[in-house]
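My entries follow in the order of the look-ups.

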Amino acid sequence: QVQLVESGGGLVQAGGSLRLSCGSSESIFSINGMGWYRQAPGKQRELVAAITTIGSTNYADSVKGRFTISRDNAKNTVYLQMNSLKPEDTAVYFCNAWVLAGTTTTGYWGQGTQVTVSS
């Protein structure tokens, strides 16, 4: 069982920056990948960025060039650096981890952290 704890959300003005952190209870080397999703009111949860164990990254088109996902292996922590924030980035951001065992993939979620960008 992987437990994830997010932090770093808050209120920021448009054009500002925030850094989200997601700490894992397990070594991130035992996890196949981690990512950040977000869900705005009335909208579906969407992938923002993801990073695999070997360091491959993937970003939603809407955040490319503004957001950067990274990890600190020693701290079992993944970060999401968010720059040039826009009001449309306002959402609850969730950390996600997935573990592949054989043919079974198990996903884990954090509790979410609110990001609000004012115009």
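Entry 1, salt bridges. I took a salt bridge to be a side-chain nitrogen of Lys or Arg within 4 Å of a carboxyl oxygen of Asp or Glu. The model is a predicted one. By that cut-off I found that Arg38 and Asp89 form a salt bridge, at 2.9 Å from N to O. Arg38 sits in strand E4 (residues 33–39) and Asp89 in the loop between strand E8 (77–82) and E9, so the pair links parts that lie 51 residues apart in sequence. For Arg38 the relative accessibility is 6%.

How many salt bridges does the structure hold? I counted four. One of them joins Glu46 to Arg38, with the closest N and O atoms 2.7 Å apart. Glu46 has a relative accessible area of 36%, so I logged Glu46 as partly exposed. Lys64 and Asp61 also meet in a salt bridge, at 3.1 Å from N to O. Asp61 is exposed, with a relative accessible area of 64%. I traced shared partners next: Arg38, Glu46, Arg66 and Asp89 are joined into one network by their salt bridges. As a reminder to myself, side chains of opposite charge can pair when their charged atoms come close.

Is E4 mostly covered or mostly open? I found E4 mostly covered, with five of its seven residues buried. Which way do E4 and E5 run relative to each other, parallel or antiparallel? They run antiparallel and are joined by six bridges. In this pairing, Trp36 has Ala49 of E5 as its bridge partner. The two strands make a hairpin with six residues between them, and Gly42 in the turn has a positive phi of about 75 degrees. E4 also pairs with E9: I noted seven bridges, again antiparallel. Gln39 stands opposite Val92 in E9.

I picked Phe94 because it belongs to strand E9 (residues 91–101). Is Phe94 buried or exposed? At 11% relative accessibility, Phe94 is buried. Leaving out residues up to four places away in sequence, I listed its contacts, among them Trp36, Tyr37 and Gln39, as well as Arg45 and Trp109. Glu6, Gly35, Gly110, Gln111 and Gly112 are also touched by Phe94. I also checked Phe94 against Glu46: the two are 48 residues apart in sequence, and their C-alpha atoms are 9.8 Å apart.

I searched for cavities of 30 Å³ or more and found one. What is the volume of the largest cavity? I recorded about 50 Å³. Its lining consists of Ile28, Ile31, Gly33, Met34, Ile51, Thr52, Thr53, Arg71 and Val78. E4 and strand E5 (46–52) each contribute at least two residues to this lining. Sorted by class, the lining has five nonpolar, three polar and one charged residues.

Methods
Residues numbered from 1 in each chain as written. Predicted model: local features only at pLDDT ≥ 70, side-chain atom pairs only at ≥ 80, totals over all residues. Heavy atoms only, no water. Helix = DSSP H or I, 4+ residues; strand = E, 2+ residues; numbered from the N terminus. Buried < 20%, exposed > 50% of the residue type's maximum accessible area, 1.4 Å probe, protein only. Contact = heavy atoms within 4.5 Å. 1 Å grid on protein atoms, 1.4 Å probe; cavity = no way out; pocket = protein on both sides within 12 Å on 5 of 7 lines; lining within 4 Å. Points joined across faces, edges and corners; volume = space filled by probe spheres on them. Nonpolar A, V, L, I, M, F, W, Y, C, P; charged D, E, K, R; others polar. Pairing = 2+ DSSP bridges.
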